[in-house]
Each structure stands twice: as C-alpha cells, then as structure tokens.
Amino acid sequence: MKTVCWILCIGLTTSTLAANSFPKGVKYLGGPGFPDNKQVRDSWDNSLSITDKEITFSFRKNAIPSETIPISSVKRITYGQATTRRVGQWVAIGVLLAPVALLGIFHKSRQHRILIEWTDDQQRERGMLMQAHKDQFRGILNDLAFRANKPIYADPEDREWLFKSGVKSELDAEAKTAEQK
C-alpha cells in the first residue's frame with residue numbers, strides 16, 4: 001500500500017512540474033505588439049507550452065519569433081465573448097489588432113477565444129488573443145488558471161457553459177456593469 005501511495009505522489013508531483021504542451025491547437029488572432037501575419041493567423045500549427053515558470057507561444061514556421069511570458073507577469077485570463085469586449089477596449093485606446101479579432105467583436109459563436117494579458121519587463125501592457133481548439137480549450141484554461149494562480153473571467157452565459165464543461169471561472173467585472181445598465 002505504501003508503494004502505491006509513493007508512486008501516486010511522485011506521479012502527481014512530476015506531472016505538475018512538467019510542461020503542458022498544446023501543439024497545433026492554438027490559432028493566433030492578434031495582440032498589441034504582434035504583427036498581423038496572415039500566414040500565422042489562419043493556421044492551427046501554432047503551439048502553446050505552459051510550465052510553472054513561463055508560457056511560450058511558438059508560431060507556425062517561426063513566421064513570428066516565439067514569445068515567452070513569465071507566469072508571474074500574467075495579470076488576467078479571459079474566455080469567450082468577454083475577450084472581445086477587452087479587445088474592444090484596446091481598439092478604443094488605439095492599439096491595432098488583427099482584422100480577425102476586430103470582426104470577432106461583432107460575431108458571437110462557440111469559438112474558444114482566450115485572452116492572456118501581462119506586463120512585460122519594460123512595464124508595458126501586453127496581451128495575446130488566441131482561439132483554442134475545441135479538444136484542448138479545457139486543458140489550456142485549467143492549466144493557465146492553476147499555474148498563474150489567476151481566475152478565468154467570462155461573462156454570465158460563458159461562465160455557466162464553462163462550469164458545465166469542467167472549467168471554473170469568475171464573472172467578468174465588465175459583464176456585471178453591462179447587466180446593471
């Protein structure tokens with residue numbers, strides 16, 4: 001019995017320390033400071049790797065250099081239609097995003113959009129909007145929330161749907177104020 005307990009403990013410890021990689025499961029949609037590269041944006045060949053220390057975005061055929069984000073600098077993780085509201089704020093302050101992300105503001109569907117916001121080493125606000133593959137969005141969201149120790153924000157409809165899908169999320173503050181108006 002002790003042997004089984006030790007094996008489980010070691011297995012769980014190494015699985016939480018290991019990197020979770022999501023190859024060919026992320027579609028890049030845009031973000032401030034990233035070029036609008038159609039070759040990358042229209043492809044599922046981009047990948048995401050999440051460890052206890054960093055998040056790494058690798059883009060198709062290195063068309064855009066990989067982006068590594070320290071886990072400690074992640075400020076916010078947003079899912080679903082709440083992501084497009086955040087992107088709308090970026091547009092309002094003059095940040096240029098990919099045209100696909102701009103169209104997403106007006107289109108509602110069950111695309112698994114995830115927005116990660118962080119502060120870079122030069123204290124600039126950064127963010128990346130991506131679309132996760134339907135088979136991988138749960139793993140990506142749960143891993144991001146666990147490793148960054150940040151909640152997933154969603155609006156009420158998406159929050160309920162996420163809960164039924166096995167992802168814990170919190171109500172987006174902007175959604176609360178929109179409901180009150």
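**Close-up views of the predicted model**

**Figure 1. Strand E5 and its neighbour E8.** Strand E5 and strand E8 (residues 152-154) run parallel and are joined by 2 bridges. Ile 77 is the residue that stands opposite Ile 152 of E8. The structure shown here and in the views that follow is a predicted model.

**Figure 2. The hairpin of E2 and E3.** Strands E2 and E3 pair in the antiparallel sense over 4 bridges, and a hairpin of 3 residues joins E2 to E3. Ile 50 stands opposite Ile 55 in E3. In a regular strand, side chains alternate between the two faces of the sheet. The covered face of E2 holds Asn 46, Leu 48 and Ile 50, whereas Ser 47 and Ser 49 belong to the uncovered face.

**Figure 3. Strand E4 beside E3.** Strand E3 (residues 54-58) is joined to E4 by 4 bridges, and the two strands run antiparallel. The bridge partner of Phe 57 in E4 is Glu 67. Which residues form the covered face of strand E4? In this strand (residues 67-70), Glu 67 and Ile 69 lie on the covered face, while Thr 68 and Pro 70 lie on the uncovered one.

Figure 4. Phe 57 is part of strand E3. Is Phe 57 buried or exposed? Its relative accessible area is 2%, under the 20% cut-off, and Phe 57 is therefore buried. With neighbours within four places in sequence left aside, Phe 57 is in contact with Ser 47, Leu 48, Ser 66, Glu 67, Ile 69, Ile 116, Met 128 and Met 130. Among these contacts, Glu 67 is also the bridge partner of Phe 57 in E4. Phe 57 and Phe 22 are 35 residues apart in sequence, and their C-alpha atoms are 9.8 Å apart in space.

**Figure 5. Ser 43 in the loop between H2 and E2.** Ser 43 is located in the loop that runs between helix H2 (38-41) and strand E2 (46-50). Its relative accessibility is 8%, so Ser 43 counts as buried. Neighbours within four places in sequence aside, Ser 43 is in contact with Val 26, Lys 27 and Arg 60. The C-alpha atoms of Ser 43 and Phe 59 are separated by 9.1 Å, and the two residues are 16 residues apart along the chain.

**Figure 6. The crossing of helices H5 and H6.** Two packed helices are described by the angle between their axes and the distance between the axes. The axes of helix H5 (residues 137-148) and helix H6 (residues 156-165) cross at roughly 100° and come within 11 Å. H5 is therefore roughly perpendicular to H6. Helix H5 contributes Phe 137, Arg 138 and Leu 141 to the contact, and helix H6 contributes Trp 161, Leu 162 and Ser 165. The residues of this contact divide into 4 nonpolar, 1 polar and 1 charged.

Figure 7. Gln 123 is a residue other than glycine, and its phi has a positive value, near 60°. Gln 123 is found in the loop between E6 and strand E7 (125-132). With a relative accessible area of 63%, Gln 123 is exposed. Asn 149 is not a glycine, yet its phi is positive, at about 55°. Where is Asn 149 placed? Asn 149 has its place in the loop between H5 and E8. At 66% relative accessibility, Asn 149 counts as exposed.

**Figure 8. The setting of the close-up views.** The secondary structure of the protein comes to 7 helices and 9 strands. The protein has 181 residues, of which 44% count as buried. Its accessible surface comes to about 10,100 Å², and 56% of this surface belongs to carbon and sulfur atoms. Among contacts in the protein with a separation of 6 or more, 60% are accounted for by residues 24 or more positions apart.

Methods:
Residues are numbered from 1 along each chain as its sequence is written. This is a predicted model: local features need pLDDT of at least 70, side-chain atom pairs count only at pLDDT 80 or more; totals for chains, interfaces and linings use all residues. Side-chain values use heavy atoms; hydrogens and water are left out. Two strands pair if DSSP finds at least two bridges between them. Buried means under 20% relative accessible area, exposed over 50%, partly exposed in between (1.4 Å probe, protein chains only). Contact means heavy atoms within 4.5 Å. Accessible areas come from the Shrake-Rupley method with a 1.4 Å probe; for residues, only the protein chains shown count as cover. Axes are lines fitted to C-alpha atoms, for helices over the stretch in contact, and angles run from 0 to 180 degrees between N-to-C directions. Angles under 35 degrees count as roughly parallel, over 145 as roughly antiparallel, 65 to 115 as roughly perpendicular and the rest as oblique. Ala, Val, Leu, Ile, Met, Phe, Trp, Tyr, Cys and Pro count as nonpolar, Asp, Glu, Lys and Arg as charged, and the others, Gly among them, as polar.
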